[in-house]
Amino acid sequence: MHIDIVTLFPDMFVGPFQESIIHKAQEIGALSIAVHDLRVFGIGRHRQVDDVPYGGAAGMLLRPEPIVAAVESILDRPVFRGAEEPPVDVDALPPIILLTPQGRPLTQRVVSELADHPRLVLICGRYEGIDERVRQYLATDEISIGDYVLSGGELAAMVVVDAVARTLPGVLGYERGAEEDSFASGLLEGPQYTRPPQFRGRAVPDVLLSGHHARIARWRRKESLRRTLQRRPDLLETVELNDEDRALIEEILREGKHKGTH
Ligand code: ADE
């Protein structure tokens, strides 16, 4: 997987991309990342990238030309769907993703979908916004990492890179990998414990020390369902539950442990 990032603040990415999973993904060759400075594609002597909005609103907007120039330089072909230009075969391009609070929400499903592409281009918006023509005729996708406004798309791009990187083959060293994460199954993960078995009078649940694999698996599934019921019941509406899951939910409800604890 190769990810290109277009940003006015390339230095923001230096630390986060040199640590932990994103670093490892690059080390093992599962991921390469190129951060491109939008300023390089700025207009004129001052390398201008932004301007005042037409119609007299407050703030500054990113102009379209530098962003289009950056992406066309990265992909080495015309990608802007201009009115008088030959049509662009969007399906032959990597996704060109604008990070914006107006985008479709990032979920684990979206992460998997992105991870299936060999290449992604991420465009980080900044200032008060971006010229609409970038959204309409350059971007092929728009993603939001949540219903709040960041001061730019950089942190959102890092979130996308991290979430994608950890799903790439070989990146998570341990066997269980990303498949058992919260959300991968559509449910939240249940509680987990490590040593010591007793800590200040608080014990690890007996079943986990029992060595009884079937019972442990059933307990894990039940606790995962319980946690999802407690914290994100909305997730249960889309997840596929089997008969045993439904029986476990009945049990949880009978126990009355589906309320509270957040
Ligand atoms: N840029 C600013 N806010 C954002 C958000 N919530 N998600 C993605 N990009 C953003």
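First, the ground rules. Residues are numbered from 1 along each chain as its sequence is written, and side-chain values use heavy atoms, without hydrogens or water. Because the model is predicted, local features need pLDDT of at least 70 and side-chain atom pairs pLDDT 80 or more, while totals for chains, interfaces and linings use all residues.

Now the layout. The chain splits into domain 1 (2-165) and domain 2 (182-260), with bounds from an automatic or database assignment. Their centres, over C-alpha atoms, are 39 Å apart.

Next, the cores. A nonpolar core is a set of buried Ala, Val, Leu, Ile, Met, Phe, Trp, Tyr and Cys residues joined through side-chain atoms within 4.5 Å. Buried means under 20% relative accessible area (1.4 Å probe, protein chains only). The largest core has 30 residues. Ile-5, Leu-31, Leu-122 and Val-161 have the most contacts inside it. Helix H6 (154-165) gives the largest share, eight residues. Helices (H or I, at least four residues) are DSSP runs, numbered from the N terminus. Apart from this core lies another, of 23 residues, including Val-6 and Ala-139.

Last, helices H8 (residues 213-231) and H9 (residues 243-255). They pack at about 65°, axes 10 Å apart. Axes are lines fitted to C-alpha atoms over the stretch in contact, and angles run from 0 to 180 degrees between N-to-C directions. Contact means heavy atoms within 4.5 Å. Among the residues that meet are Arg-218 and Leu-225 in H8, and Glu-244 and Leu-248 in H9.

Key:
Helices (H or I, at least four residues) and strands (E, at least two) are DSSP runs, numbered from the N terminus. Buried means under 20% relative accessible area, exposed over 50%, partly exposed in between (1.4 Å probe, protein chains only).
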